[in-house]
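Colleague: I am new to this structure. Could you walk me through how to read a few of its features?

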Amino acid sequence: METKANKLVVLGAGWLGHALCVQAKHAGWEVQGTHQSDEHSDDFQRQFTLVDNKLKHEVDLRDAYWVCAIPPRSRNTQSNYPEILASALNLAKQLNSKGFILCSSTGVYDQEAGVYSESSEISCTNERQIKLYDAEEQVLEQDGKVLRLAGLLGPNREPGRFVAGKELNTSSQQVVNMVHQQDVINAIFSVIENFNTGQNIYNVVNPSHPTKANYYALKCAQHGGEMPTFISDEVAERKVLGSAIEALGFSYQHTI
């Protein structure tokens with residue numbers, strides 16, 4: 001991880017954000033990672049929350065790169081995610097941020113079958129798409145970058161465990177769009193290292209796209225879980241391409 005940048009603010013030091021903070025700190029970066037509470041278990045943690053629509057925070061790191069890793073669908077941010085993001089962008093500007101990266105989702109793309117890339121049109125026909133797209137626009141208007149993440153897996157988040165025995169509202173022949181936590185972290189650092197020359201939007205999706213039937217059969221077998229059921233066996237692939245970011249020298253290292 002060779003880069004001149006050495007300061008990082010991570011909004012949302014949860015499952016992804018905390019791991020990002022830890023890796024940056026181990027690499028010698030000055031790090032602040034936020035959560036809503038004022039009780040801290042790590043020295044890099046800082047409070048960042050809205051109270052009566054007013055920002056309450058302990059973030060004071062100047063000249064840093066900012067990464068928003070707050071899940072838009074989190075129960076704690078469902079209602080005020082746009083306000084949290086707007087407050088973060090304003091604070092980042094006040095603290096002379098070097099650049100702002102939003103961790104968005106491939107859920108912004110349409111759900112119909114097809115192959116989707118960063119240049120694909122987005123219809124914004126459902127509430128989730130609209131929320132994701134609006135958040136992306138907030139960041140892009142401030143010259144930030146957007147990473148559209150596929151389904152996440154990694155430590156304590158294994159697909160074979162969270163789908164076991166469930167009925168999935170999808171076809172068994174639909175393909176998976178997944179990515180490992182460590183590949184996401186590596187992608188974030190690649191974008192930081194190339195912040196002024198890279199694209200504004202990148203998908204981060206592992207190039208492997210097995211069918212859900214095959215994928216979950218393997219994962220459930222690995223973890224001793226019951227195979228999920230599917231509402232259909234219709235062949236209708238929805239595939240999101242994550243190859244554009246490889247132009248930065250990034251490569252996917254972890255299997256899904």
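Modeller: Start with pockets. A pocket is an open set of grid points with protein on both sides within 12 Å along at least five of seven lines. Its volume is the space filled by probe spheres set on the points. This is a predicted model. Its second largest pocket has a volume of about 170 Å³.

Colleague: Which residues line the second largest pocket?

Modeller: Leu89, Ala92, Lys93, Ser97, Lys98, Gly99, Phe100, Gln142, Asp143 and Gly144. By class, three are nonpolar, four polar and three charged.

Colleague: Which element gives the largest share of that lining?

Modeller: H2, with three residues. H2 and E6 each supply at least two.

Colleague: How do I read a phi angle?

Modeller: Most residues other than glycine have a negative phi. Now look at Asn96. Its phi is positive, about 60°, yet Asn96 is not a glycine. Asn96 sits in the loop between helix H2 (81-94) and strand E6 (99-105). Cys124 also is no glycine and has a positive phi, about 55°. Its loop runs between strand E7 (114-116) and helix H3 (127-140).

Colleague: Is Ser104 buried or exposed?

Modeller: Buried means under 20%. Ser104 has 7% relative accessibility, so Ser104 counts as buried. Ser104 lies in strand E6. Leaving out residues up to four places away in sequence, Ser104 touches Leu132, Glu136, Val146, Leu147, Arg148 and Leu149.

Conventions
Residues are numbered from 1 along each chain as its sequence is written. This is a predicted model: local features need pLDDT of at least 70, side-chain atom pairs count only at pLDDT 80 or more; totals for chains, interfaces and linings use all residues. Side-chain values use heavy atoms; hydrogens and water are left out. Helices (H or I, at least four residues) and strands (E, at least two) are DSSP runs, numbered from the N terminus. Buried means under 20% relative accessible area, exposed over 50%, partly exposed in between (1.4 Å probe, protein chains only). Contact means heavy atoms within 4.5 Å. On a 1 Å grid over the protein atoms alone, a cavity is a set of points where a 1.4 Å probe fits but cannot get out, and a pocket is an open set with protein on both sides within 12 Å along at least five of seven lines; lining residues have an atom within 4 Å of a point. Ala, Val, Leu, Ile, Met, Phe, Trp, Tyr, Cys and Pro count as nonpolar, Asp, Glu, Lys and Arg as charged, and the others, Gly among them, as polar.
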